[in-house]
Each structure stands twice: as C-alpha cells, then as structure tokens.
Amino acid sequence: MEVEIVKGLKFHKKQDVAIVGAGMTTFKRRLLETGKELSYFAVKQALEEAGLDIKDIEMVVMGSAPDAFDGTALKGEYLLDGAGGSDRPYLRVFVGGGTGVFAPIAGYWHVASGLADVCLVVCEEKMSCCHPHPQSAFKYIWDPILDRPLKPNLIWIFALEMRRYMHVNNIRHEDIALVSVKNKANALDHPCAQVAEKITVEDVLNSEPMALPVRRLDVSPPSDGAAALIMVAPHIARQLTDEPVWVTGVGWALDTTHWTNRDLYFPRYVAEAAKMAYRMAHITDPRKQIDVAEPYDPFDYKELHHMEGLGLAKKGEAPILTREGVTARDGDLPVCPSGGLLGVGNPIAATMGVKACEIYWQLAYRAGKRQVAKEVTTGVCQAWGDLMQVGTVMVMSNKR
Amino acid sequence: MAVGRKKISCPPYAEGTALSERDISERRVTIFEDHPNLVYSWTAGQAMSRFLNELKNGKLIATKCEKCGRIIFPPRIYCELCYKPIDGWVYVKDTGTVQTFSISYIDPDARPLEKPVIVAVIAVDGASPNMGIMHILGEVEPEKVYIGMRVKAVWKPENEREGAITDIKYWKPWRDEND
C-alpha cells in the first residue's frame, strides 16, 4: 500500500510536563547498599524535595543498564519494590549509557500522554558486583562473531573514536584534557562526587596509558549509585511549587551496531536526537538559546564530541570554546557544571543524577555551590551509549 | 505542601556507605558469591555463515544493494537503508586503509598487557566508503601507525583456518604496486 506521509513531527500532547523534585545517592566505586536500597534512598530524597508521598505516585519508570553488572536477570523486576513500583504501572527502559536521559524521556511520555499525572523516574546501577572488574561484563556487548574473537576491551571503541575525532578536526590531546580538568574541579562542589580533584593537563597526559590515545584520567570511573526524578502534570505542579521546571522537548535516535561502517568523527545519531528535541522546544539556534548544558562525558573528548552533535559548537569548535573558558561554570555556556561523569562518577543509567537532575536543579536555582553564574532559562541534557549508536536528548526550561 | 522557591541546595545530602577493595576481598562485609557458568552457541546466520566459510578460502565477501549502490561489508542479507533483500554477493579485496587506530595496554578484563596490541578500523578496498571492520595490526611499530596507512591481511596457513575472523592473523603495512 502506498500512503502519503506528511513529513515532520507532530506533537499532540495531552498536557505539559513539569519536574518538581529530584534525588540521588552518593556515587562510589563500591557501595554496601543493594540496588533496591540505593533506589529507595534516591526516591526518598526526590519525594522530600517535591513534598509528595509515595501514595501520590501513579506510575514508575525504571532505567538500568546491562543485567550482567548485577548478575541479576529481570533486573527491572528485581529493583521494583526499592524503586516504589509495588502494585502500580511499572516499566523498565534500557538503551545502554543513553538510559540516563532515556528514562526521563519515557517518564515524559507517561505524563504528556495523560496516562499519568504523577510519574516517578528511577535510575539505578551497581557495577561493583561484577568481578574482577565491570569491564568483564562489557565484553558481552561486542559482536560474538566479528569482534569478540579479537579479545577487545570496551575502551577500544572510545580510543578509536577519539583518534578519529582528533584526526579529522586537528585537535591536540592537551585541549581534550582540559575537559577532564574542568569537570573534576567542578565536582568538588558536588556532595555525591567520587573522583573530584584539582588536576592539571599534565596530570592527564602523564597518567597511565589504557588504549592510546585514552589514558586513565581521560576516563570516568565505574560507580554504584541511583537517582530519581518526579514528573507531574501542570495542575499538580501548581499545587507544589511556584517555580516548576518544564520539559519542553525530547528526542532520541539510534544507529546500527555496525559501528565500523560510519565515520566516527561526528555523532550523527546525537544530532538527529537533538534536532527532534529542539524542534519540539522551538529552538532554532542552540548556541544562543541554551543557557546551560549537560552533555554525556564518560570520556573527556565525549563532552566535546557531544557539544558538536548538540549544535552547541560547530564541528571542531568545542575544544576552542573549552580553552577560552566559555564552558566553565562562570562562562557564557556552562557545560557539565555538576562535574559530570568524569568528576562525580559513572554509574551508567544512574548518571541521570548529573544529567537530567542537574539541569532541573540548575533551572530551579537549587544547585547550591554548583549554580552557574549567568541567569538561566533553558538547559539541555544528553546521554549516549551502546556501541556508539544511541543519542538521547531532553530540553528543559523554567519558562512555560 | 511547600509553595514557592525553596532556599535549598540539591542534592541536600549524599546517602550510601562506601566500601574499599579490601572490605570485599577480606570479607569485612557480608557477601554472597555465585559463579554462573553459562555456555552459548551462536548460529552464524545466513550472511555470516557465507562470510566465515569464505574466510577459509582466504577471501573476503560482501553483498551489494542495487538500489542505493552500496557494497555492504561486513555482509548482511538485507540492505538496512533501502530495507530490501540484497542483490548479490561480491568479493572485496584483502587490502584496505586504516581509518583510526588505538594502542591498547589492557586486555578484555582491564588487566594490563605486557606488550600493547594495535587495533584499527580498516576500510576494505572494493567496499563502499567507510565500510570497514575492526582488526589487529602487526609487523609495525606502534609509533609508525598513522590514519590513512595502507594495510593488507596476513592469513593463517590454509590448513589452520577454521572459519573465524581470526583466520586473518593481523593486517600489515602494505605498499600499492602502482605507487
């Protein structure tokens, strides 16, 4: 059958979506608490901020990455009671590292569609269960026929992508290392931070080689942790706060697992996801209209790579903006003011705490010592993952 | 319910009890351990079975789509862009160009390697642009590798090939005859 398809996205949402509370646990390499207990801590904090009770929650979205870390199949169901999902509509979503922003996107569907007026989004990760190192679980994301016989380590794909990005745009490692220096220093003001410290570019360049050009201090650490976010309909938000933060756009896009079939210097799938979110949020010039950004930064070059994918910098321009201090917390476009994954930690899905939750806190003027210097109206957060194929983007604003 | 901007700093507190490596290894905390032993056998499927069998012959095979004109490598039985069956099989060369590379000092479990491994994405000659595979480079010093370097596959002897990607031992630097 041939049908005429009208190009373009049409948004017929039932109601606007506001965020009224968020919470997160500390991020550490190993935590005593189980995933259920960590989820409980994060949810409790979010409910306290929102002034809500668990009885007020209508539906729950859980985001958590590979079951192989916890060694628990049916991980979503396992975590359910700790995440406040007992006896109510509950759904787990998972797109690898992209989950940290994909879970709130799924929460947005619940409320924007009118199915729920109050939706709780929880993200949990406990990577320390896997021995000797969580990297051992990452082995299983590789193609069993083409890649795994070569005995790859996950760091390889990042090293290959980083080299290609540096080569095409003529970028030096020194300029990339500045991101690690900035984010680890920003994390000093985050109470949950795992690897906050004052370091120099030389420290990064002289750190232990992993898979060159990637060195130890180019990489975020594996972590345990959880985060939570509460999304509500406008009539609920009005009762809870005078200044909610609105979700104005969401976007996501995935490319194939054939990652050796694309030029790695530019994340096209992130650009596609951003295009969708910006269109919904009526953003035509992201560099001018976005005041604060939290792109995904599991590696220092990824922050730059994703800034370019998000249209916050031209191709190859992100390192220049970083060098000139534009992306510092007191700069014109603060990027990763939370300290990001590089400073606060990288519990895959639970990085929602430094991405979606941080943008919410920044726009609600509740980020404390991490609050950016400039006045903020609109912010964007983004996550990325799987075999370099996922882009998830959410735009928020404190103006409706 | 709280109304108005709360003068608060978020997150207000950080819950969770950090443990050290030794807390685990010396069992200072209560631990439950399990060693799942799961064994898998993957069928290679239509496209990969043909590809792996051709490796035994020392050849690389791709598929082509006449609608978009791509020579697709590694091969699949459908064109994911045109979303239609492929239009045939074509051999590609066992030479190619390094698109990007890394010098790895770690093994799959993040344990240090004594001698680094050079890994590269190699765009294979005869396939469409950017159609490559990941593989290992050999017979070259790490500092001599560059993006754009021409390489050729070094195959295992025919009687040792088993129909696996490792039938190619590694790719070595190569100079085109007409250079």
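1. Which strand is joined to strand S1 (residues 60-64) of chain B by two bridges? The partner is S2(B), and the two strands run antiparallel, with B:Thr63 standing opposite B:Ile72 in S2(B). Strands here are DSSP E runs of at least two residues and helices are H or I runs of at least four, numbered from the N terminus, and two strands pair if DSSP finds at least two bridges between them.

2. On provenance, this is a predicted model, in which local features need pLDDT of at least 70 and side-chain atom pairs count only at pLDDT 80 or more, while totals for chains, interfaces and linings use all residues. Residues are numbered from 1 along each chain as its sequence is written, and chains are lettered from A in the order in which they are written.

3. In chain B, three strands form an open antiparallel sheet in the order S2-S1-S5. Strand S2 (71-72) and strand S5 (88-92) of chain B stand at the edges with a single partner strand each, so one side of each is left without a neighbour in the sheet.

4. The contact between the chains takes 59 residues from chain A and 50 residues from chain B, where two residues are in contact if their C-beta atoms, placed from the backbone, lie within 7 Å. On the side of chain A that touches chain B, the largest share, seven residues, comes from H6(A). That side divides into 28 nonpolar, 17 polar and 14 charged residues, with Ala, Val, Leu, Ile, Met, Phe, Trp, Tyr, Cys and Pro counted as nonpolar, Asp, Glu, Lys and Arg as charged, and the others, Gly among them, as polar.

5. A:Thr256 is found in the loop between strand S8 (245-254) and helix H10 (268-280) of chain A. This residue counts as partly exposed because it has 13 C-beta neighbours inside 10 Å, the class between buried (20 or more) and exposed (12 or fewer). Leaving aside residues up to four places away in sequence, A:Thr256 touches A:Gln389 and B:Glu80.

6. A:Tyr360, again not counting residues up to four places away in sequence, touches A:Ile19, A:Ala22, A:Leu229, A:Val245 and A:Met396.
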